[in-house]
Amino acid sequence: MNHWIVAPIVLPAILAPFIIMVLRFHLDLQRIFSVAGVVALIGIALTITAQAAGGDIQVYELGNWPAPFGIVLVLDRLSAMMVLLTALLALPIVLYAIASGWDDRGKHFHALFHFQLMGVCGAFLTGDAFNLFVFFEVLLIASYGLMTHGGGAVRLKAGVQYVAYNLLGSTLFLFALGTLYAVTGTLNMADLAVRVAELPADDTALLRVGAVLLLLVFCIKAAVLPLHFWLPASYASAPMPVAALFAIMTKVGAYSILRMYTLGFGPEVEATQGLVGAWLQPAALVTLAVGAIGILGTQHIARMVAFCAITSMGTLLIAISLFTETATAAALYYVYHSTLATALMFLVADLVMERRGGAIAPTAPMPQTGLISALFFVGAIALAGMPPLSGFVGKLLVLDAARDAPDANAIWAVILIGSFVTIVGLARAGSLIFWKSHDAQHNTEMDPENEKETPPAPAPEPNPGLAFTAVCAMAIGLVLLTLFAGPTLEYTNKTAEQLFTPENYIAAVLGGDT
Amino acid sequence: MEALVASAVGVMTAAGIFLILRRRTFPVILGLSLLTYAVNVFLFATGRLALDAPAVLNKYKEVPYTDPLPQALVLTAIVISFGMTAVIVMIALSAYLSSKDDHIDMNAHDSVDAPGEDA
């Protein structure tokens, strides 16, 4: 067995308790170990991605129990690329959290951060539906701690809502899994696929209920309308570096939809044929539209970025809901882009909020306004999907993949108009925050009482150099994703091809039994 | 027995949903607990209901047995929901102590008042 597969889960699982128990009073050591852990995670993720790129599906049997009796981890191209994305996203965020001093505003930031990474990597790697639930809980428990990190009345109230909503989601997840188990007698995803295909046609009512309940759960995670209500308040109230990390959490929902509904309830399965796409696609279209309107209407930069996250989930799920190979390849490229772009914008929002508060209204100019506005500009171009950055490539791919779909007109209209509204909303926010501030300065200079020159205010971060390096690293990641769109797309094409031939996955997991 | 278990799950779910739609945190947490009880009973029943049957196979003679997997699932679910309830009680308590208000909804003041800034 290839032990690299379990390493992305074991490494944070050991590092996080180590940080809590041994390093709890040594912030400097916590920071060193945390960064070293994330760098090691990137190394592991690169290794397993290189192993998966060949196209072999590798299985790791936990405790050496063969599937379907034991829990298996499965490494294929999709899970490898998602683990790599998690690791790559984590490094700039942890550097930014250190540089901005966010990790010092409460306890156990680094430990919770690594528990969160463990849950996310585990959810991407597992091949067992109940184990997926467990890893969802691991990442959620860590996210509750991270979301309320630093405290404060507003953040804690938003935290209660967030926890309550997600507990409800977990309960629904258990109902869905129970229903599926009652029908098929298994929770191993590959075995589930075999049993679902064998089920007699008259006996599938309960199975369809289970499939739709499961879709609801994943839609809650992915913040699909009308189940998105938890997202704006909790992302906007969370510490911004944490919100940037949460950009991967909505993608866990999207990943689970892609995994379950290509493998277990694939397009060929008669019982659930067309069921998922038919529900998901209109919901995704409305999600995109409402997200765009939210960007236009909000008065706070953090809420604006939260709505940007919702629009990008809308675009992503439109591509996923088509359930074709080209659309899935486009969706996977868009996953990389939207995660990095959303995280970049959350970090830029933190830079702005630390200096002048988050209101989208003119105020006195802030320190480093030039650099921050440049980064905002990069992030806005990427999120709105304008050339030359990867958002444009991603949206072009999605539009191209939707060309032959039955509802192509609706999809094109919603994506294009949504992008336009997003551009208007981001331009409005950018000009109010960065340009109008100079007018505000002029007005105060006219005032004779304010003639005295004030020295430029210092940056609020303890280490502004590192903070800007981290944010710039995220922007450079987007540029690289654009430059290497060809190789990336080649990989995602092969990933989609692998996803739509689930026979190989099933054969790899169940081995000689079939 | 099936009717009894099914109606128990149904009543607990209905009561839980009613309670989580309340406006204060205490009934909402009670509702979440009721829902987790409901789902635990439901999970238990997914392995089919059997009376007086052990959850192990007997290789010496044919005796009725019950499916052991749902019992393991229920155990996991109980542990997780128990921990989660403790977490939400603690967060709700600190939210109440810091804002002197145990409403679950954010009032207009909260959302305009620069979320994300330390109070």
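Reply: From the N terminus on, the elements of chain B run α-α-α-α. That is four helices and zero strands. Helices (H or I, at least four residues) and strands (E, at least two) are DSSP runs, numbered from the N terminus. The model is predicted: local features need pLDDT of at least 70, side-chain atom pairs count only at pLDDT 80 or more, and totals for chains, interfaces and linings use all residues. Residues are numbered from 1 along each chain as its sequence is written, while chains are lettered from A and ligands numbered from 1 in the order in which they are written.

Chain B meets chain A. Two residues are in contact if their C-beta atoms, placed from the backbone, lie within 7 Å. Chain A brings 37 residues to this contact and chain B brings 34 residues. On the chain A side, H6(A) gives the largest share, 18 residues.

Now the close look: helix H18 of chain A, residues 485-499. Its 15 residues should span 21 Å at 1.5 Å a residue, and the end C-alpha atoms are 20 Å apart, which agrees. The expected span is 1.5 Å times one less than the number of residues.

Which residues of H18(A) are buried? They are Thr488(A), Tyr491(A), Thr492(A), Thr495(A), Ala496(A) and Leu499(A). These residues cover an arc of only 140 degrees around the axis, so they sit on the same side of H18(A). The arc is that of the directions from the helix axis to the C-beta atoms. An α-helix has 3.6 residues a turn, so residues three or four places apart point the same way. The face turned away from the buried side of H18(A) carries exposed Gly486(A), Pro487(A) and Glu490(A). Buried means 20 or more other C-beta atoms within 10 Å of a residue's own; exposed means 12 or fewer; partly exposed lies in between, with C-beta atoms placed from the backbone.

What does the buried side pack against? The partners are helices H2 (27-53), H3 (77-99), H10, H13 and H17 (464-483) of chain A.

Take H10(A). 24 of its 24 residues are buried. H10(A) bends by about 25 degrees at Phe246(A). A bend is the angle between axes fitted to the seven residues ending at a residue and the seven starting there.
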